[in-house]
Amino acid sequence: MLDSLKKAVFDANIELVRRGVVIYTWGNVSGIDESRENIVIKPSGVSYDDMKWEDMVVVSLSTGQVVDGLLNPSSDTPTHLEIYRAFPEIKGIAHTHSINAVSFAQAGMDIKALGTTHADYFYGDIPCARALTEEEVNGEYEVSTGKVIVEEIQKRGYEPLSIPGILVKNHGPFSWGDSPASAVFNGVVMEVVAEMAQKTLALNSGANLDKYVLDKHYNRKHGKNAYYGQKK
């Protein structure tokens, strides 16, 4: 069932390892099928070294129940489901505990847009969502994490694919895109720009980026008149 999506999700999970943003069993990637009836996600607690594409787990978007697979899905599955349900344009989600992005999450700080590298991929500051309450943590923790992410995106009025990532306070980064591979790509970029921002703010705590530069760099790649790269 959904073998091609299982392979894509497996490859995206392995890419997290290749790019050095996860270790051991940390992190997970999911993707959603074209009908938006099911998602495919990494199994819980399985080593990347031992994992096979056939181990990917299919979960119903509407019920959250496993519909195909012998292993338990990632413990973060309810978080992914909340994001997919809220934003139909999202087709892949990645979660890591990468060092620099987590540092901003633990500090409860947005990753500020400070330069053109950031602006090429994120149209503004990468937000840090609020901490979960004690009741949320002790209740449906992973569901609440997803709801807090959705709440923050909607509160800021962001288009999810224009700022394809977020931090959850005291937790870490989630990223997304129009495929599992692009979700991983955006997560890796988030980690790099987090490191750049951290070093920049250490040198100059008042650093900033003018909006006209942000507009130029984002739109030359993503705007209606984008001209970066080769014509398709």
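**A tour from cavity to surface**

The largest cavity has a volume of about 30 Å³. This is a predicted model, in which local features need pLDDT of at least 70, side-chain atom pairs count only at pLDDT 80 or more, and totals for chains, interfaces and linings use all residues. Residues are numbered from 1 along each chain as its sequence is written, and side-chain values use heavy atoms, with hydrogens and water left out.

**Stop 1: the cavity**

Select A94, H95, T96, P173, F174, S175, G187 and M190; they line the largest cavity. A cavity is a set of points, on a 1 Å grid over the protein atoms alone, where a 1.4 Å probe fits but cannot get out; lining residues have an atom within 4 Å of a point. The volume is the space filled by probe spheres set on the points, which are joined across faces, edges and corners.

Now colour by element. β5 (92–95), β8 (172–177) and α7 each supply at least two lining residues. Helices (H or I, at least four residues) and strands (E, at least two) are DSSP runs, numbered from the N terminus. Which element gives the most? β8 does, with three residues.

Colour by class next. The cavity lining divides into four nonpolar, four polar and no charged residues. Here Ala, Val, Leu, Ile, Met, Phe, Trp, Tyr, Cys and Pro count as nonpolar, Asp, Glu, Lys and Arg as charged, and the others, Gly among them, as polar.

**Stop 2: the pocket**

Select Y121, L161, P164, G177, D178, S182, F185, N186, Y218, K221 and H222. They line the largest pocket. α7 (180–203) and α8 (211–222) are the elements that give two or more residues to this lining. The pocket's volume is about 290 Å³. A pocket is an open set of points with protein on both sides within 12 Å along at least five of seven lines. By class, its lining has five nonpolar, four polar and two charged residues.

**Stop 3: Y24**

Go to the loop between α1 (3–18) and β1 (28–32), and pick Y24. Is Y24 buried or exposed? Y24 counts as exposed because its relative accessibility is 66%; buried means under 20% relative accessible area, exposed over 50%, partly exposed in between (1.4 Å probe, protein chains only).

Check the backbone too. Phi of Y24 is near 50°, a positive value in a residue other than glycine. Most residues other than glycine have a negative phi.

**Stop 4: L2**

Finish in the segment before α1, at L2. L2 also has a positive phi, of about 55°, although it is not a glycine. L2 is partly exposed, with a relative accessible area of 25%.
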